[in-house]
Amino acid sequence: MQARKKYVLLGLCACCWLVLFYWGGGVQLRLLRLLTRQRGEVVRPWPNWTDRAFLPRYAHLDELQTDPGTAESPRQRRQAWSAIYKDSRCRMETCFDFSRCRRRGREGFRVYIYPSEKNDRVSESYRKILMSIGESRYYTSDPREACLFVLGIDTLDRDQLSGQFVPNVDERIRGYPLWNDGRNHLIFNLYSGTWPNYTEDLGFNIGQAILAKASLNTEHFRPGFDVSIPLFSKDHPQKGGERGWLVRNTIPPRRKYLLMFKGKRYLTGIGSDTRNALHHIHNGKDIVSLTTCRHGKDWEKHKDSRCDHDNLEYERFDYQELLHNSTFCLVPRGRRLGSFRFLESLQAACIPVLLSNGWELPFSDIIQWNQAVIEGDERLLLQVPSTVRAVGNERVLALRQRTQMLWEAYFSSVDKIVLTTLEIIKDRVFSHISRNKYMWNSLPGGLLVLPEYSTHLAHFPFYYLGLGVSPGQEFTAVIHAVSPLVSQSQPIMKLLQVVSKSKYCSQIIILWNSEKPPPNRSKWPPMPVPLTVTDGRRKTTSRFLPHVAIETEAVLSLDEDTVLLTSEVNFAFLVWQSFPERIVGYPPRSHFWDPLKRAWGYTSKWTNDYSIVLTGAAFYHRYYHYLFSHYLPQSLRTLVDRTSNCEDILMNFLVSAVTHLPPIKVAQRKQYKELPSPQGTKSVPWANPEHFNQRQECINTFANWFGYMPLVHSQFRLDPVLFKDQVSVLRKKYKDLERA
């Protein structure tokens, strides 16, 4: 009974409280609303702690980026965007036809470029983009084979005030029979909108096309569909590009200036508030933040009280000197979210400090930007100096090293920017065979990691060290045979015996490239390891085909006339196990720059300096077979097959481009040179007087395709312990190496 009375009493109290609130507080609130409406006042509800309006000391991003007279609310901008891009919710699953790409597996990823019309104006930057696609392994001239379509119309600059603006794009693309509302189309754009708001308007309806755009806003970015690309100038190199400025393991990691910026200041219009505030952090000592309003035709009409002082201070410092000697570089937004400063900072190993709220960073789908940049907030500019001062030296060095990796892997040329865009889309189309984030964000970069070979990190030689993985304990010997077998005393017979005696040899493959058919198995000597004879189809590049029969990670590439000892083979293999990402071998060669001819040269002179190890006797990882056959263009492989020359140089180019390191030279019992034979015998390749001339031409052709010279000089040679030391031979493991 007592408990029942207690619950009844509590219920009555609750009812009384509700009645009092309704007739008391509720009536008072209604009366207050009625009175304020009569006075024209607006009643604000109780503030929400997550409501930005409750934090008056922070200006909203939209207030900073627009003039009072032209301000638009976020809702208005979203409505405008929806009116321009009706398919703003596009995803690969809803706006992309996968069936066009999967007809021949991943080989079905082909890109078609619409032909340009006679009077079309094409900017230098768009010409480079189209050239990069046209020279890539994905290009097709047949639209029926295409998975992806790229317009021949220049869509990079959609500012109506620009001389590069192309009108009537909507009418023209609707006339394309394959347009299909933009499905499976890729549109490139660097500049959108015009004065004063610089909106995302491209001036035509992209429909369901994928947009590869600079200065993309996160509100408008369609994740997993669009691709954010960097803003680059018309002078950005087509291929290769300059290397980053960071010297390896630079100590100390900090430079003369802590933080720098030098650039334009906008007096009116969008982006002006951000740059107008930069003078607040300038101290002229370790923080240099300089702006000038001396740009444009009417700058004097709009100049403010700070212009003259800023212009004088601006001239005191050289931009390149600041860039080379600053630890952090401010990258504030300009008229648009992106800026040329971004790529300049990456190349200079000057850690970018971003002040561009809402910017979808380039290739954000794949790149972990928190490892390379510091993202600031435009509204908290005064906190930037203390933020960068708090970054420790180890973190500074790690950030700077990451900027170099990203610059060289994805941003140093138009080729890399375009190919990265295509590879991102290809990985989306074939998501079951795609690269993971680790592959994209570690050396050598995603462009040199082909997922068709494998999606497992442990299958690639350049990941062994980071994963703590040891290479395999066996190798496969691949012997390139071009001479018919007429005698049991031929060099290839002795070579087979020497190699098969190695305890590390798993199998031997003879690549038969002779004009005569291969002999029967009974003609070959008996060996303790399996022997396979494969038809090389009389192509020189066939020695680097990704043969299915090669099951080991290590490949020993040999010419049929190579002279080696079993101990030499064993020692070279043990060295390779310590450097599995490089070429390890015996005969070295070198390249040099000829200032008179202004061309690269090739030499076989014996010096302490080398940059090439010939693949006539060398170890390397089998992945390079796959990369050689699927990454390099058909034109280079055709050149090698036509001349029956230079395949070893091309392989050295490829491996050095991947590693940025030289090959490894090991000790050799006998040495030989490539010298023309006085008899002019045709049985050996270097007997031809044109042999050296062809190799000179090859080096320059290869360097032109790569866009730079990837070969690296070295004076490093590895010898066995006690090699040629004046001690007893009995104490040496590789005794035979010192015998003449």
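Modeller: The model is predicted, and a search of the whole structure finds five disulfides. Counted along the chain, the bonded cysteines pair in the pattern 1-2, 3-4, 5-6, 7-8, 9-10. Three of these links are described below.

Take Cys90 and Cys95. Their sulfur atoms are 2.0 Å apart, and the two residues form a disulfide. The angle about the S-S bond is -80°, and the link of Cys90 and Cys95 is left-handed. Cys90 has a relative accessible area of 1%, so it counts as buried, the cut-off being under 20%. Cys95 is also buried, at 5% relative accessibility.

Next come Cys101 and Cys147, which form a disulfide with sulfur atoms 1.8 Å apart. This link of Cys101 and Cys147 is right-handed, with 70° about the S-S bond. Cys101 sits in the loop between helix 4 (92-95) and strand 1 (103-106), and Cys147 in the loop between helix 5 (124-134) and strand 3 (148-150), so the pair ties together parts that are 46 residues apart in sequence. Cys101 is buried at 0% relative accessibility, and Cys147 is buried at 0% as well.

A further disulfide joins Cys293 to Cys307, with an S to S distance of 2.0 Å. The pair links distant parts of the chain, 14 residues apart: Cys293 is in the loop between strand 8 (287-292) and helix 8 (299-302), while Cys307 is in helix 9 (residues 307-315). Cys293 counts as buried at 1% relative accessibility, and Cys307 counts as buried at 0%.

Conventions
Residues numbered from 1 in each chain as written. Predicted model: local features only at pLDDT ≥ 70, side-chain atom pairs only at ≥ 80, totals over all residues. Heavy atoms only, no water. Disulfide = S-S within 2.5 Å. Buried < 20%, exposed > 50% of the residue type's maximum accessible area, 1.4 Å probe, protein only. Helix = DSSP H or I, 4+ residues; strand = E, 2+ residues; numbered from the N terminus.
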